[in-house]
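Thanks for coming, everyone. Please bring up the sequence and the model, and follow along as I talk.

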Amino acid sequence: MANLLQYRGYYGSIEASPEDNCLYGKLLYIQALVNYEAETVAALEQAFQQAVDDYLADCAESGQPPERPCKGSFNVRVGHEVHLAAARAATREDSSLNELVRKALERYLAEPRQHDAIAEPAKTFDKRRRP
């Protein structure tokens, strides 16, 4: 999913329903289910922002802390061989497995990706004939 909405530290999806002729989405990376919908992209962005504001207001009213997107830890299932190799690499580097994975992710995320690159403008050719 390439297109995300962002507001006040929260992210939301953008989906389309041709049958209903509308756009819709939900807040991502939290457990609470918070939806929004609209008929135009501009209206969807407003509905998303209102959904975030309403979610935060509901949390404050109920005395519950709002969820933060991605709490900072997650489980990764890589299989026995990769797990063992990573643990051994961490030991060689006098590091923890968490630190090894964090550094690997940081390096991966810092690398430019083909889909992240801004395409260069197409070259234009002079169609005039030269003598």
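Helix 3, residues 97-110, gives the largest share of the nonpolar surface patch: five residues. This is a predicted model, where local features need pLDDT of at least 70, side-chain atom pairs count only at pLDDT 80 or more, and totals for chains, interfaces and linings use all residues. Residues are numbered from 1 along each chain as its sequence is written, and side-chain values use heavy atoms, with hydrogens and water left out.

Back to the patch. Its members are Phe-74, Val-76, Val-78, Val-82, Leu-97, Val-101, Leu-105, Tyr-108 and Leu-109. Together they have about 830 Å² of accessible area. That area comes from the Shrake-Rupley method with a 1.4 Å probe, and for residues only the protein chains shown count as cover. What makes a patch? Its residues have over 30% relative accessible area and no salt bridge; like charges are joined within 9 Å, and nonpolar side chains (Val, Leu, Ile, Met, Phe, Trp, Tyr) within 5 Å.

Take Leu-109, in helix 3. Is Leu-109 buried or exposed? Leu-109 is exposed, at a relative accessible area of 65%. The cut-offs: buried is under 20% relative accessible area, exposed is over 50%, and partly exposed is in between, with a 1.4 Å probe and protein chains only.

A salt bridge here means a side-chain nitrogen of Lys or Arg within 4 Å of a carboxyl oxygen of Asp or Glu. Glu-99 and Arg-102 form one, at 2.4 Å from N to O. Why can these two be about one helical turn apart? Because they sit three residues apart in helix 3. Arg-102 also bridges to Glu-106, again with 2.4 Å from N to O. That pair is four residues apart in helix 3, about one turn of the helix. So Glu-99, Arg-102 and Glu-106 are linked in a network of salt bridges, with Arg-102 partly exposed at 35%.

How many salt bridges does a search of the whole structure find? Three. One of them joins Arg-8 to Asp-53, with the closest N and O atoms 2.8 Å apart. This pair links distant parts of the chain, 45 residues apart. Arg-8 is in the loop between strand 1 (4-7) and strand 2 (10-13), and Asp-53 is in helix 1. Arg-8 is exposed, at 53% relative accessibility. Asp-53 is partly exposed, at 24%.

Now the inside. The largest nonpolar core has 15 residues. Such a core is a set of buried Ala, Val, Leu, Ile, Met, Phe, Trp, Tyr and Cys residues joined through side-chain atoms within 4.5 Å. Tyr-10, Leu-27, Tyr-36, Leu-44, Phe-48, Val-52 and Tyr-55 touch the most other members. Strand 4, strand 5 (35-38) and helix 1 (41-62) each give two or more residues to this core. Helix 1 gives the largest share, seven residues.

Let's zoom out. The protein chain has three helices and five strands. Helices (H or I, at least four residues) and strands (E, at least two) are DSSP runs, numbered from the N terminus. From the N terminus on, the order is β-β-β-β-β-α-α-α. Of the 131 residues in the protein chain, buried ones make up 21%.
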